[in-house]
Amino acid sequence: MKLFLDSANLEEIREVAGWGVLDGVTTNPSLCSKESVSFEENIRKICALTPGPVSAECVSLRADEIVLEARSLARIAANIAVKIPVGLEGLKATKALHAEGIAVNMTLIFSTGQALLAAKAGARFVSPFIGRLDDIAEDGMALIEEIVQVFENYRFETEVIVASVRHPRHVIDAALLGADIATVPYGVMTKLVRHPLTDIGVERFLADWRKVKT
Ligand code: E4P
């Protein structure tokens with residue numbers, strides 16, 4: 001399973017890259033709005049921190065405008081994946097961009113039907129937002145199960161990015177279902193590393209080590 005960091009913050013990305021577990025990065029307009037550097041400069045720097053795909057989101061709404069914006073984003077670095085919200089205009093743009101070899105991450109996926117259409121249009125990734133479904137008392141992980149099954153049934157090459165991850169259990173359940181990727185916020189990534197019994201174990205070993213004759 002690949003792990004992406006869901007962040008536009010250079011320090012967080014550098015830190016997780018240093019752990020040796022970073023396979024890519026996803027950003028969105030809300031995450032980018034928290035950073036003080038210019039959008040393009042920030043995305044360029046993020047792309048230099050990981051060889052993996054870095055998602056940068058298009059904000060245009062018409063297919064022809066989305067295509068132009070996506071081409072300009074794709075010029076920033078070779079590892080850009082352009083993020084496009086699912087919809088009729090987004091699908092048209094995805095078909096055109098796929099033909100040009102530009103990787104599309106179709107985002108804001110909330111149904112299996114949307115994921116199926118995105119895959120058929122040529123999206124390299126789909127991003128179902130499970131946390132936002134859980135927030136409204138729906139079952140985000142059930143959506144992942146369906147999409148993974150449909151993509152397996154028809155051997156789509158489109159990869160499933162489990163997005164809107166809220167806690168470590170989301171990552172584990174996504175891995176158990178065979179999702180290709182989870183994009184994880186920094187706070188959840190640190191929770192995945194830690195366990196209180198590990199901390200207690202280290203403390204006890206260090207205390208005992210002090211009694212060992214050397
Ligand atoms: C994924 O690509 C999105 O950036 C992200 O996971 C959205 O998560 P949120 O629902 O916490 O905003």
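Start by selecting Arg62, Asp64 and Glu65, which are joined in a network of salt bridges. A salt bridge here is a side-chain nitrogen of Lys or Arg within 4 Å of a carboxyl oxygen of Asp or Glu. By that rule the count comes to 12 salt bridges. Before you move on, note that this is a predicted model, in which local features need pLDDT of at least 70 and side-chain atom pairs count only at pLDDT 80 or more, while totals for chains, interfaces and linings use all residues. Residues are numbered from 1 along each chain as its sequence is written, and side-chain values use heavy atoms, with hydrogens and water left out.

**Stop 1: a bridge between two strands**

Now select Lys2 and Glu159. They form a salt bridge whose closest N and O atoms are 2.5 Å apart. This pair links distant parts of the chain: Lys2 sits in strand β1 (residues 2-6) and Glu159 in strand β7 (residues 159-162), 157 residues apart. Helices (H or I, at least four residues) and strands (E, at least two) are DSSP runs, numbered from the N terminus. Is Glu159 buried or exposed? Glu159 counts as buried, at 13% relative accessibility, whereas Lys2 counts as partly exposed at 32%. The cut-offs are under 20% relative accessible area for buried and over 50% for exposed, with partly exposed in between (1.4 Å probe, protein chains only).

**Stop 2: along helix α3**

Next, show helix α3 (residues 39-49) and pick Glu40 and Arg44. Their side chains meet in a salt bridge, 3.1 Å from N to O. Glu40 and Arg44 are separated by about one helical turn because they are 4 residues apart in the helix. Both are partly exposed: Glu40 has a relative accessible area of 43%, and Arg44 has 41%.

Then select Glu41 and Lys45, whose side chains meet in a salt bridge of 3.0 Å, N to O. These two are also 4 residues apart in helix α3, so about one helical turn separates them. Glu41 is partly exposed at 35%, and Lys45 is partly exposed at 38%.

**Stop 3: Asn79 in its loop**

Move to Asn79, in the loop between α4 (63-74) and β4 (80-85). Asn79 is buried, with a relative accessible area of 14%. Which backbone oxygen does the side chain of Asn79 reach at 3.2 Å? It is that of Cys47. The backbone oxygen of Thr50 lies 2.7 Å from a polar atom of the Asn79 side chain. To see the surroundings, display the residues in contact with Asn79 (heavy atoms within 4.5 Å). Leaving aside neighbours within four places in sequence, these are Cys47, Thr50, Pro51, Gly52, Pro53 and Val54.

**Stop 4: the pockets**

For the largest pocket, select Asp6, Asn28, Leu31, Arg132 and Pro185, which lie nearest its centre among 23 lining residues. About 300 Å³ of space lies in this pocket. A pocket is an open set of points on a 1 Å grid over the protein atoms alone, where a 1.4 Å probe fits, with protein on both sides within 12 Å along at least five of seven lines; lining residues have an atom within 4 Å of a point. The volume is the space filled by probe spheres set on the points.

Finish at the second largest pocket, with a volume of about 170 Å³. Its lining includes His98, Ile102, Arg124 and Glu157.

Definitions and conventions
Polar contact = N/O pair within 3.5 Å; in protein donor to acceptor, adjacent residues only side chain to side chain.
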